Every structure is written in structure tokens, then in C-alpha cells.
Amino acid sequence: MKIEFRNLSKQFEQNRPILQPMDFCDEVRALAVIGPSGGGKSTLLRILGGLLAPTTGDLWVDGEQVGTDDTALQKYRRKLGFVFQQGGLFRHMNALANITTPLEQVHGFSHTKACGRAMELLTRFGLKDDWKKKPAELSGGQQQRVALARAVAAKPRLLLLDEPTSALDPEYTTEVLNIIHELKKEGMDFIIVTHEMGFARHACDKVAFLCEGTLMEYGESEQIFTRPETEKLHQFLGKLLQWNV
């Protein structure tokens, strides 16, 4: 999927700019967005997902400009899948309903077709016997797997993931990252904001380094990790990789 934006920036009222004006144009297959906290990663992801309006700039996806009115944004968001830090599951619904409800109410699936698709994914993600459970009855890893199932159920053009493993134990983190990697091998395009440097380096084709609201570096994953061009990226990687086994 080709993503392009020009002069894109974000500033909240009476605050410093979250994102400095930036340009970008490339085919996105598996892109990791890394950088220190407060660097603008989640803000950029939400703008790309049509959840937040930029202060300046325009966005194009596959050559089509993304409109800024409510109708255009709703249409655009239907083509995307989202997974957030805590999954964003409906707490009062079981796992099955968390997946079928958007399929029926947003994407026009029949109840039968939605249930079939949901059970297909729950089975694939190792949750076949947990479909009746509500989020509070599921582990963190199970909740994120349900969130992933919901995000990909309608076969979106692009999957957006905002630190989907940040609240998980290492075992559950591996479960979720393995599923994302499987989706990549099947041709799912995605952008992930992550602090999991191993996944960013080995499972993603490209990496974008955001720091102080600026897109400081962008390129092939191996090049970003082995030959950083800026001192900021060199310091960032040094801190994160210091205690790696």
C-alpha cells in the first residue's frame, strides 16, 4: 500500500507541536515506528488511521487523498483494522460478540456470516474454547488475540497497531507478535508502533524513527539497526539494547 503525506503536522491548543511538519512517500508492507516516549508515534498512527485530524498537511493512500469530513473519514476507517495498547474490547461482550458486532453493524455482514468468520479466527488464534468469555475472564495475551481477530475480520487494506504488547508479559508478547508475523507472511500490510526492537528489526521491512516530533530516520530495517545515521537514534538503540541477551 502506498502512503504519502506532505507537510503533515499536529499541534494541540496551547501546547508545543506534537509532530513537526514532515513529508513521506513509500510503499508500506511491514513498517515499524520506533522512538522515545512522547516523540509523536501514537499521534502519527492515529492521523494515518483517520482517528485524529492533522493541524497541517494532506494524506494520500494508494493515490487517493483522504478527506477530512466525517463521511469521508468513516468510509476510510472501514478499510482499516486497529489494535490498541489495551485492545479496546467491549467489556460487556464476550469474545465472539466483540468480533461479530463490528462485522454486522459496520461492514454489513449477516449474523450467520459474521459468526462463521469470528469462529474461524478464534480457532486460528487458539481461542476456540474461549468464545463465551468476556475480556475480564481472558488473560492479557488472549485479549490482544481477540483484538487482532476483530481487526482483521473484515480483511482490511491496512492493519494499524499501537504498541499492542506494551502491557503484556514476555510469554504473551511472543504469542501476539507471532500472530502478527503470520499475518505478514499471508500478505497483510501493517504499521506497528512498538518498543519490541527484535520484532522491528527481523519481522518488519522498514523502520521509521520518530524523535521530538520529527521523522529523523527512515529506511530498511537492517540498515536502521546496524548503521544509524543520527546520534539520537544511536543513543536510543544503545539504551534499549543494553541488556539484551
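Modeller: Let us begin with a definition: a charge sits over a ring if NZ of Lys or CZ of Arg is within 6 Å of the ring centre and within 35 degrees of the ring normal. Please bear in mind that the model is predicted.

Colleague: What makes Arg150 a residue that lies over the face of Phe90?

Modeller: Arg150 is at 5.2 Å from the ring centre of Phe90, and the limit for the distance is 6 Å. Arg150 is accordingly listed as lying over the face of that ring. In another case, the charged end of Arg6 sits over the ring of Trp60, at 4.3 Å from its centre.

Colleague: How many aromatic pairs does a search of the whole structure find?

Modeller: The search finds 5 aromatic pairs.

Colleague: Why is the pair of Phe82 and Phe84 called stacked?

Modeller: The ring centres of Phe82 and Phe84 are 6.0 Å apart and their planes lie at 10 degrees. Centres within 6.5 Å make a pair, and planes under 30 degrees apart count as stacked; the pair is therefore stacked.

Colleague: What makes the pair of Phe190 and Phe199 tilted?

Modeller: The angle between the planes of Phe190 and Phe199 is 35 degrees, with 6.3 Å centre to centre. Stacked requires under 30 degrees and edge-to-face over 60, and the rest count as tilted. Both Phe190 and Phe199 are buried.

Colleague: Why does Phe82 count as buried, and why is Phe84 called partly exposed?

Modeller: Buried means under 20% relative accessible area. Phe82 has 18% relative accessibility, so Phe82 counts as buried. The relative accessible area of Phe84 is 26%, which falls between the 20% and 50% limits and therefore gives partly exposed.

Colleague: How do you know that Lys10 is buried?

Modeller: The relative accessible area of Lys10 is 11%, and the limit is 20%; Lys10 is therefore buried. Lys10 lies in strand E1 (residues 2-11). Among the residues that Lys10 touches are Pro17, Ile18, Leu19 and Pro54.

Colleague: Why is helix H3 called oblique to helix H4?

Modeller: The axes of H3 (residues 95-105) and H4 (residues 111-124) cross at roughly 135 degrees and come within 9 Å. That angle makes H3 oblique to H4, because roughly perpendicular covers 65 to 115 degrees and roughly antiparallel begins over 145. The residues making the contact include Leu96, Ile99 and Leu103 of H3 and Ala114, Ala118 and Leu122 of H4. The crossing of H3 past H4 is right-handed.

Definitions and conventions: Residues are numbered from 1 along each chain as its sequence is written. This is a predicted model: local features need pLDDT of at least 70, side-chain atom pairs count only at pLDDT 80 or more; totals for chains, interfaces and linings use all residues. Side-chain values use heavy atoms; hydrogens and water are left out. Buried means under 20% relative accessible area, exposed over 50%, partly exposed in between (1.4 Å probe, protein chains only). Axes are lines fitted to C-alpha atoms, for helices over the stretch in contact, and angles run from 0 to 180 degrees between N-to-C directions. Helices (H or I, at least four residues) and strands (E, at least two) are DSSP runs, numbered from the N terminus. Angles under 35 degrees count as roughly parallel, over 145 as roughly antiparallel, 65 to 115 as roughly perpendicular and the rest as oblique. A crossing is left-handed if the near helix is turned anticlockwise from the far one by less than a right angle, and right-handed if clockwise. Contact means heavy atoms within 4.5 Å. Lists of a residue's contacts leave out its neighbours within four places in sequence.
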